[in-house]
Amino acid sequence: MEPSSGSRDAGPAVPPVAAVLPAGGSGERLGAATPKQFCALQGRPLVSYTVRAMERVSWISNIIVVVSPENVETMKSIVEKYGHKRVTVVKGGKTRHRSIFNGLKVFAENEISNHLLRKPEVVIIHDAVRPFVEEDILSKVVMAAKEHGAAGAICPLVSTVIASAADGCLDHSLERARYRASEMPQAFLFDIIYEAYQLCTDYDLDYGTECLHLALKYCKTNAKLVEGTSDLWKVTYKRDLYAAESIIKDKLSQQVYVITGVEEAVAKIGFLLCESLKSQIKVEAISIPQSKSDSHLQNIFSGQCYNFVCVNDKKYAIQGTMQLLDMLEKSNVTLLYPLVLILVHLDISENISFSIGSELLTTIKKLAREVKKKNILVYGLLIQHK
């Protein structure tokens, strides 16, 4: 569900929604020389995954990434390398709150940016090291912020919170069922959170961590709390990097698209393949006439699937393969994850030529070597049946 009454293509009613991603942490708790937001997962910086999660949401008009001054050029190079859109890189402050304030200023003060971006009605604040945020929770906090002025995701406490006395002994504990952990994303009416930052003290800017508290303290805005999901966790320690990489690998293998032509034999092979796979993986199947494949495939490639099996008649093998590879390269899908394309070519004829089949597979091998450099992994299978 989107934060508007319009269709998905129409997006929310203007003014737009923007997102501010604080990414200025030093990674001290990670215990590594590289700040965690720039650590590579599957060869790609963590912050890039979070930016991509925001980019996938069509109704977010601007994404502000706030980094420490020494990492501005690094972040700009990441934006350029991975083709990120709608992104503005901003120099952060000494603390989290000061960095977020700088991110908000690009909509209100010329001193932070060469040009003002259009002020949004609602602004999302989300940690750059929480890469698995989904559109559904973003939509929920935005809609709640429109109604209440501020909103934030929460999750149940996993451990009981205790307070220690001056002597290091237990003073008291909190009743875990009554409390929740504050998570990200959070969303605010822009005017409310910007006013809160303008009014807050240096102490708040230097030692505070909770944006919802600022809205309550300085603007009397009581935030709506929205139940979050288990994938909102923050990469903090080195073990979290391993967990995040494992999740990314898992996401790559969750779904496969089986694309076939409409010829009877080809469609039958595609159907049997789907039947054999569906007990092990989520399978989507589509039959496309060769003459109409462009628009249909573009729609598929704009989704979140990274595994494809293409079954077609051998006579369309090279033409169809080149067409697929061209569309994949133009779609920028492979900028995020490696993409797997398995080509199944069906040769049913009275006069089967094994030499021609061998030539076809040799051609596909050559193509596979070329496109591997572009993050596309191609495998070929020729089925000959007399």
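The exercises below work through one predicted protein model, each with a solution in steps.

The model is predicted, so local features need pLDDT of at least 70 and side-chain atom pairs count only at pLDDT 80 or more, while totals for chains, interfaces and linings use all residues. Residues are numbered from 1 along each chain as its sequence is written, and side-chain values use heavy atoms, with hydrogens and water left out.

**Exercise 1. State how many helices and strands the protein has, and what share of its residues is buried.**

Step 1. Helices (H or I, at least four residues) and strands (E, at least two) are DSSP runs, numbered from the N terminus. The protein has 12 helices and 16 strands.

Step 2. Buried means under 20% relative accessible area, exposed over 50%, and partly exposed in between (1.4 Å probe, protein chains only). Of the 386 residues in the protein, 46% are buried.

**Exercise 2. Give the strand order of the open sheet formed by 7 strands, and explain why S5 and S11 stand at its edges.**

Step 1. Two strands pair if DSSP finds at least two bridges between them. The order is S5-S4-S1-S6-S10-S7-S11, with mixed pairing.

Step 2. Strand S5 (87-91) and strand S11 (224-227) each have a single partner strand, so one side of each has no neighbour in the sheet.

Step 3. From one strand to the next, the twist averages 25°. Axes here are lines fitted to C-alpha atoms, for helices over the stretch in contact, and angles run from 0 to 180 degrees between N-to-C directions.

Step 4. Inside the sheet, strand S1 (residues 17-22) and strand S6 (residues 122-125) run parallel and are joined by 4 bridges. Ala 19 is opposite Ile 124 in S6.

Step 5. Contact means heavy atoms within 4.5 Å. Helix H7 (residues 211-219) packs on the sheet and touches S6, strand S7 (150-156), strand S10 (180-189) and S11. The direction of H7 makes about 60° with that of S10.

**Exercise 3. Describe how helix H5 packs against H3 and against H7.**

Step 1. Helix H3 (residues 96-105) and helix H5 (residues 190-199) have axes 10 Å apart and pack at an angle of about 130°.

Step 2. Angles under 35 degrees count as roughly parallel, over 145 as roughly antiparallel, 65 to 115 as roughly perpendicular and the rest as oblique. H3 and H5 are therefore oblique to each other.

Step 3. On the H3 side, the contact uses His 97, Ile 100, Phe 101, Leu 104 and Lys 105; on the H5 side, it uses Phe 190, Ile 193, Tyr 194, Tyr 197 and Gln 198.

Step 4. Ala, Val, Leu, Ile, Met, Phe, Trp, Tyr, Cys and Pro count as nonpolar, Asp, Glu, Lys and Arg as charged, and the others, Gly among them, as polar. The contact of H3 with H5 has 7 nonpolar, 2 polar and 1 charged residues.

Step 5. The axes of H5 and H7 come within 9 Å and cross at roughly 80°, so H5 is roughly perpendicular to H7.

Step 6. Residues of H5 including Ile 192 and Ala 196 meet residues of H7 including Leu 214 and Tyr 218. By class, this contact has 10 nonpolar, no polar and 1 charged residues.

**Exercise 4. Decide whether Leu 212 is buried or exposed, and name residues that it touches.**

Step 1. Leu 212 is in helix H7. Its relative accessibility is 10%, so Leu 212 counts as buried.

Step 2. Leu 212 and Ile 193 lie 19 residues apart in sequence and 8.6 Å apart in space, C-alpha to C-alpha.

**Exercise 5. Find how many residues of strand S12 are buried, and which strand it is joined to.**

Step 1. In strand S12 (residues 255-260), 6 of the 6 residues are buried, so S12 is largely enclosed by the rest of the structure.

Step 2. Gln 255, Tyr 257 and Ile 259 point one way, Val 256, Val 258 and Thr 260 the other.

Step 3. S12 runs parallel to strand S13 (residues 282-287) and is joined to it by 6 bridges. Ile 259 stands opposite Ile 286 in S13.

**Exercise 6. Describe the backbone at Pro 185 and at Arg 86.**

Step 1. The peptide bond from Met 184 to Pro 185 is cis, with omega near 10°. Pro 185 lies in strand S10.

Step 2. Arg 86 is not a glycine, yet has a positive phi of about 65°. Arg 86 lies in the loop between helix H2 (72-81) and S5.
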